[in-house]
2 protein chains.
Amino acid sequence: MNKKVYLDYAATTYLRPEVLRAMLPFMGEVYGNPASVHLFGQKTRYALERARAVMSGVLNACPDEIYFTSGGTESNNWAIRGITAGYTRGRIITSQIEHPAVLNTCKELQKKGFDVVYLPVDEYGVVSLGALKNKLTCDTVLVSVMAANNEIGTIEPIADIGRIVKACSDAYFHVDAVQAAGALDIRNYKLPQVDMTSLSAHKFYGPQGIGALYIKKGTRIHSFVTGGSQERGMRAGTSNVAGAVGMSKALELAAAEQPRESRRLSALRERLIGRVLGIDGARLNGHPVKRLPNNANFSFDFVEGESLMIGLNTKGFAVSAGSACSSESREPSHVLLAIGLSPKAAHSSCRITMGRSTRLSDIDDFTDALACVISDLRADGRDGKRR
Amino acid sequence: MNKKVYLDYAATTYLRPEVLRAMLPFMGEVYGNPASVHLFGQKTRYALERARAVMSGVLNACPDEIYFTSGGTESNNWAIRGITAGYTRGRIITSQIEHPAVLNTCKELQKKGFDVVYLPVDEYGVVSLGALKNKLTCDTVLVSVMAANNEIGTIEPIADIGRIVKACSDAYFHVDAVQAAGALDIRNYKLPQVDMTSLSAHKFYGPQGIGALYIKKGTRIHSFVTGGSQERGMRAGTSNVAGAVGMSKALELAAAEQPRESRRLSALRERLIGRVLGIDGARLNGHPVKRLPNNANFSFDFVEGESLMIGLNTKGFAVSAGSACSSESREPSHVLLAIGLSPKAAHSSCRITMGRSTRLSDIDDFTDALACVISDLRADGRDGKRR
């Protein structure tokens with residue numbers, strides 16, 4: 001089979017041609033360091049600040065609340081390390097299902113003496129508000145919860161979490177909106193009760209290597225990458241002008257198309273879920289309704305996720321067994337364990353994430369192929385046991 | 001005058017068309033997260049690892065000694081913070097004329113209790129080997145010295161510094177080769193006595209937003225950006241595939257053309273220096289011979305550098321008053337102060353850095369314009385005094 005169907009948009013999207021077109025002038029005739037005062041520098045400075053203004057417009061923020069970074073992971077590192085750098089001790093509250101960029105950074109701070117609380121989630125992956133209320137102490141310096149989970153797609157009640165954080169503590173509230181940004185209304189993550197929001201361009205058809213951190217005015221945060229005075233002295237390093245221009249264009253397009261595209265993808269997702277749950281021993285992971293429009297995650301009895309992924313790949317379908325970020329790891333997904341799956345069930349899971357090029361026929365072809373691969377794998381398993 | 005002449009290549013270069021061509025497939029038809037196991041991911045993984053292999057080939061290193069970062073500033077942060085993260089105290093030795101990415105990072109560590117020694121330099125900007133020998137103690141954990149200075153172009157005796165470090169201590173030796181990489185033979189910075197070398201693509205006609213850190217095998221260094229398992233678990237964040245491909249192509253081209261291009265630029269530089277020193281009250285900053293082929297830095301009596309830069313800009317010549325990284329600051333250059341200039345003389349300086357598109361006629365046109373602007377400024381100054 002020659003047809004290749006990409007169903008791993010949560011790992012990375014392609015770069016939209018419109019975004020590339022916006023970037024190309026800054027990868028050719030228009031060059032200069034935005035920090036330079038001469039004409040060459042000022043042209044790129046103008047483009048950089050315009051990109052910032054576009055981003056802040058979409059987010060309904062001020063331009064000087066937008067900081068460009070090298071990606072979502074750096075944004076998460078910065079938010080967590082930048083807030084806690086002002087303290088030697090204190091509590092950090094996060095959830096058990098955060099992205100490794102948050103979890104592993106929190107673990108580093110734990111080694112340094114911070115008291116890190118990992119909030120439990122329910123069977124659908126929704127963070128426990130009761131646990132949050134119980135764990136918020138007066139020495140809590142930071143709460144970090146993701147807008148939507150990258151593996152199972154569950155949307156977290158960010159507005160409620162933020163209200164609790166602000167009502168019960170002086171802690172800052174950080175939202176990792178890397179997976180949510182292109183798929184949901186991004187303005188939901190720039191609420192009065194949210195102090196910082198992480199974004200990554202390559203999750204919404206922008207370039208890799210560029211991200212942003214929204215930081216609400218007045219937030220006391222230290223720099224993470226130190227050196228020159230770029231980004232108003234807060235993030236050193238020569239600005240990635242083409243990247244910033246591309247990110248702003250991609251965010252602008254994503255926001256404009258989001259209501260319609262979300263509806264389209266939700267319909268595809270419902271069809272996908274309906275057909276896949278028709279397969280014997282299939283189970284949906286994550287919330288049945290409160291989930292990203294483009295995400296479906298399943299476990300299949302008696303099937304190993306890695307083999308399933310390889311079998312589907314052979315048939316031309318690119319999906320993920322777990323998240324791409326942890327795809328090199330053989331550990332069962334920490335997200336699937338947190339929602340109560342056994343290690344075995346977690347190892348038999350598969351994430352399908354759709355995007356702009358996904359059509360109804362892709363979903364139907366995919367589910368046919370999926371049924372076929374699962375049937376083959378189970379037959380092999382039985383043969384294996386019989387031998 | 002409509003002609004625009006860019007003479008600020010040290011701030012940033014343009015992206016070479018050959019480099020853009022190498023990048024474009026990865027900004028369009030070839031997409032996927034290199035961490036994904038499926039075919040889309042593996043194609044980009046192959047490109048990423050090929051880029052790493054090209055870089056390591058140029059550096060005469062092993063591929064797994066090359067780590068991609070978001071740029072020179074991150075590489076410098078990583079080297080310094082990553083080595084010292086294993087200690088709570090100890091000495092760090094650097095020089096007074098390092099880039100802010102090194103100096104400001106060292107200052108942060110000073111606040112945390114590290115003992116930072118800033119080695120003096122001579123009148124030409126050459127780091128004092130005697131001071132290094134005196135200051136190396138058994139608790140010195142890191143020595144960081146730049147390969148060549150970004151403002152005055154002076155080339156440091158990296159091989160000698162490294163020999164002293166290794167003979168007299170157990171410290172690691174880091175070299176910030178961001179300015180040197182395209183202009184000098186890069187293999188000089190991957191010597192047995194060098195443990196880490198920082199590179200930035202946009203200084204040698206590669207894209208902005210991508211850099212690398214060479215880390216010698218066996219170096220005990222902590223991660224700086226934590227999260228996923230990218231870059232063999234050492235630098236988290238989705239890989240910037242197009243950036244890595246572009247950087248490797250740019251480095252390959254720069255290395256191949258370096259001997260010839262360095263000779264060409266050195267000849268232009270000599271002509272530039274000869275003509276500029278013909279102007280009354282002009283003085284060369286930095287070493288007369290041991291300097292980057294493309295760099296000249298001057299001070300002019302009775303002229304304010306900022307006004308000079310603006311005057312030249314009006315005539316179509318883009319140069320820098322100080323380094324681009326500090327161009328927003330009104331502080332006199334720390335480099336010029338370190339080589340013994342008065343704050344006033346430091347404020348009357350101008351950096352000219354040439355590159356691939358610089359022609360002999362540009363140098364002649366520039367020096368004519370320079371003489372004219374200086375003469376005007378001095379006349380204004382006298383008129384001003386007379387009034």
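**Exercise 1. Find the bridge partner of A:Ala296 in S12(A), then build up the sheet around this pair.**

Solution. Start with the pair: A:Ala296 is bridged to A:Ile352 in S12(A). A quick word on what you're looking at: this is a predicted model, where local features need pLDDT of at least 70, side-chain atom pairs count only at pLDDT 80 or more, and totals for chains, interfaces and linings use all residues. Residues are numbered from 1 along each chain as its sequence is written, while chains are lettered from A and ligands numbered from 1 in the order in which they are written.

Next, widen the view. Strand S10 (residues 295–300) of chain A pairs with S12(A) in the antiparallel sense, over 5 bridges. Here two strands count as paired if DSSP finds at least two bridges between them. Helices (H or I, at least four residues) and strands (E, at least two) are DSSP runs, numbered from the N terminus.

Now take in the whole sheet: 3 strands of chain A form an open, antiparallel sheet in the order S9-S10-S12. Its edge strands, S9 (282–285) and S12 (349–353) of chain A, each pair on one side only. On average, neighbouring strands are turned by 30 degrees against each other, direction ignored.

Axes are lines fitted to C-alpha atoms, for helices over the stretch in contact, and angles run from 0 to 180 degrees between N-to-C directions. Contact means C-beta atoms, placed from the backbone, within 7 Å.

**Exercise 2. Is A:Arg260 buried or exposed?**

Solution. First locate the residue: A:Arg260 sits in helix H8 of chain A. Then count: 9 other C-beta atoms lie within 10 Å, so A:Arg260 is exposed. The cut-offs are 20 or more such atoms within 10 Å for buried, 12 or fewer for exposed, and partly exposed in between, with C-beta atoms placed from the backbone.

Compare that with H3(A): 13 of its 13 residues are buried, so this helix is largely enclosed by the rest of the structure.

**Exercise 3. Check the length of H4(A) and say what its buried residues pack against.**

Solution. Expected span is 1.5 Å times one less than the number of residues. Among the buried residues of H4(A) are A:Pro100, A:Leu103 and A:Cys106. The buried residues pack against H3, S3 (91–95), S4 (115–119), S5 (140–146) and S6 (172–176) of chain A. After the helix comes A:Gly113, with a positive phi near 115 degrees.

**Exercise 4. Describe how chain A meets chain B, and how the two are related.**

Solution. Begin with the contacts: 60 residues of chain A touch 60 residues of chain B. H4(A) gives the largest share of chain A's side, 5 residues. That side divides into 23 nonpolar, 32 polar and 5 charged residues. (Ala, Val, Leu, Ile, Met, Phe, Trp, Tyr, Cys and Pro count as nonpolar, Asp, Glu, Lys and Arg as charged, and the others, Gly among them, as polar.)

Of chain A's residues, A:Ser70 comes closest to the rotation axis, at 3.0 Å (C-alpha). Finally, 100% of the contact residues of chain A recur in chain B: the same surface serves both copies.

Terms used
Least-squares fit on C-alpha atoms with pLDDT ≥ 70 in both.
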